[in-house]
Amino acid sequence: ERERARLHTRTVRSGELFARAAAVMPRGVPSGFQASDPWPTYLSHGSGATVWDVDGNEYADFHNGFGVMCVGHANPVIAAAVSERMALGTHFAAPTEGSIVVAEELRRRWGLPAWRFTNSGTESTMDAVHLARGATGRDVMVKIEGTYHGHHDAVMVSVKPPPDRMGPRSAPVPVPYGEGFAPGTAEATRVVPFNDADALRAVLDERVAGVIMEPAMMNVNIVPPVPGYLEAVRAACDEAGALLIFDEVKTGAAVAAGGATELYGVTPDVVCLAKAMCGGLPGGAVGMTAALGELIAEGRVKQQGTFNGNPLTMAAAEATLLRVLTDDAYRALHAANERLMAECDRVIETYALPAHTVGMGSKGCVVMSPEPVLEYRDYLTKIHHELTDLAWLFHMNRGVFMTPGQDEEWTLSVMHSGADRQRYVDAFETFAREVTA
Ligand code: PLP
């Protein structure tokens with residue numbers, strides 16, 4: 001209660017803006033994931049690893065725009081590339097050379113030969129589902145219980161399903177995510193737990209067009225794949241004639257040059273990107289095998305959009321991928337992340353917190369469970385959710401900006417310093433000391 005009251009008194013101006021915003025936007029936000037109770041913290045600007053809210057509070061940003069801003073806020077390289085492009089015209093809906101440069105770089109990073117652009121992660125996974133159904137002539141998609149792949153119908157199933165509706169683990173029930181779907185949407189989806197190749201094999205049959213999954217789950221903190229799991233998934237898909245889709249919207253350019261595909265050495269048929277690859281401008285991409293590229297080239301599977309490959313977005317993506325997120329930058333991000341995790345581990349040990357750290361590339365988190373979390377159902381039952389909420393409040397009140405809710409991870413940028421990381425550790429240590437006192 002004390003921490004909550006403190007949040008309110010520190011964000012009075014946000015509260016005022018919320019009153020105004022709620023009159024024109026449901027819950028006072030442009031997108032559901034930006035909402036929080038009793039009001040969101042409205043930001044005014046950012047620079048490097050720092051953001052400021054409308055009350056003038058300064059934060060070290062570990063939210064980082066849901067992991068988009070690996071380049072850091074107002075990075076001069078990105079700003080210059082975008083301004084230069086701005087002066088040359090921002091939109092033609094005709095192809096520009098920038099899209100070729102970015103596609104070539106994505107091919108180099110992921111090893112997949114054919115690429116198209118989108119405007120968001122949602123569009124990338126939507127195109128991937130069309131490819132799976134179009135290539136196989138089958139209708140059913142398999143997804144992992146608990147994962148989020150954006151807000152189109154085919155994947156809005158069993159995204160964090162409520163425990164009383166999700167059925168037994170041996171036969172998870174596909175639960176629509178909210179209302180507003182045509183009948184049959186959930187029925188065209190089969191749901192399996194993460195990290196269980198046997199469960200996946202059991203649902204693969206001649207109706208299954210494809211399996212869509214994050215190679216590491218990123219919306220229930222971070223849940224990495226157990227050794228051998230992704231290889232088993234790849235083999236099972238091949239055997240069943242189903243396409244394997246990796247949703248790397250979150251992992252993508254944030255964890256390694258070639259994303260989780262490179263880290264784990266398993267190549268999907270389709271990879272979905274967005275978030276970090278465009279350095280803060282809205283955009284995404286979908287990469288695929290040559291045969292799938294042919295389907296699009298022949299016009300059998302449609303892939304299009306007015307803003308796809310927008311010159312401004314391509315300028316930001318080119319600067320991000322070729323000039324900011326270089327191999328050296330990934331090495332530095334990884335090392336910084338390891339140091340932050342080690343410091344959090346020290347705090348956990350000192351105060352005997354029931355927690356552990358998990359990390360990957362620029363991303364990491366403290367999981368409030370002494371045991372590893374392997375799938376969504378573990379996340380529901382093993383994690384101490386009140387502690388997670390309280391940690392968020394402690395961080396926000398001590399100048400560490402974090403995602404609202406319990407489910408996310410921190411993302412470092414190339415502009416985070418040791419002092420920024422220390423701010424996180426100090427807030428976390430204060431939290432640990434006070435909750436264990
Ligand atoms: N896939 C994953 C794994 C995501 O985390 C998200 C968004 O958080 C999406 C897809 C959807 O991306 P967007 O919000 O850009 O539509």
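Predicted model: local features only at pLDDT ≥ 70, side-chain atom pairs only at ≥ 80, totals over all residues.

Trainee: How many helices and strands does the chain have?

Mentor: Both kinds of element are present in the chain. The count gives 14 strands, together with helices numbering 16.

Trainee: Why is the chain said to be as compact as a globular protein of that length?

Mentor: For 437 residues, the globule rule gives 22 Å. The chain comes close to that, so it is as compact as a globular protein of that length, with a radius of gyration of 21 Å.

Trainee: Which residues make up domain 1 and domain 2?

Mentor: The domain assignment builds domain 1 from two stretches, 2-70 and 326-436. Domain 2 is given as one stretch, 76-324. The C-alpha centres of these two domains are 25 Å apart. So much for the layout; the ranges to remember are 2-70 + 326-436 for domain 1 and 76-324 for domain 2.

Trainee: Which element gives the largest share of the side of domain 1 that touches domain 2?

Mentor: In domain 1, 28 residues are in contact with 26 residues of domain 2. Elements giving two or more residues to that side of domain 1 include helix H3 (64-67), helix H13 (327-350) and helix H14 (376-382). The largest share is 4 residues, and it comes from H14.

Definitions and conventions. Residues numbered from 1 in each chain as written. Rg over C-alpha atoms; globule rule 2.2 N^0.38 Å. Domains from an automatic or database assignment. Contact = placed C-beta atoms within 7 Å.
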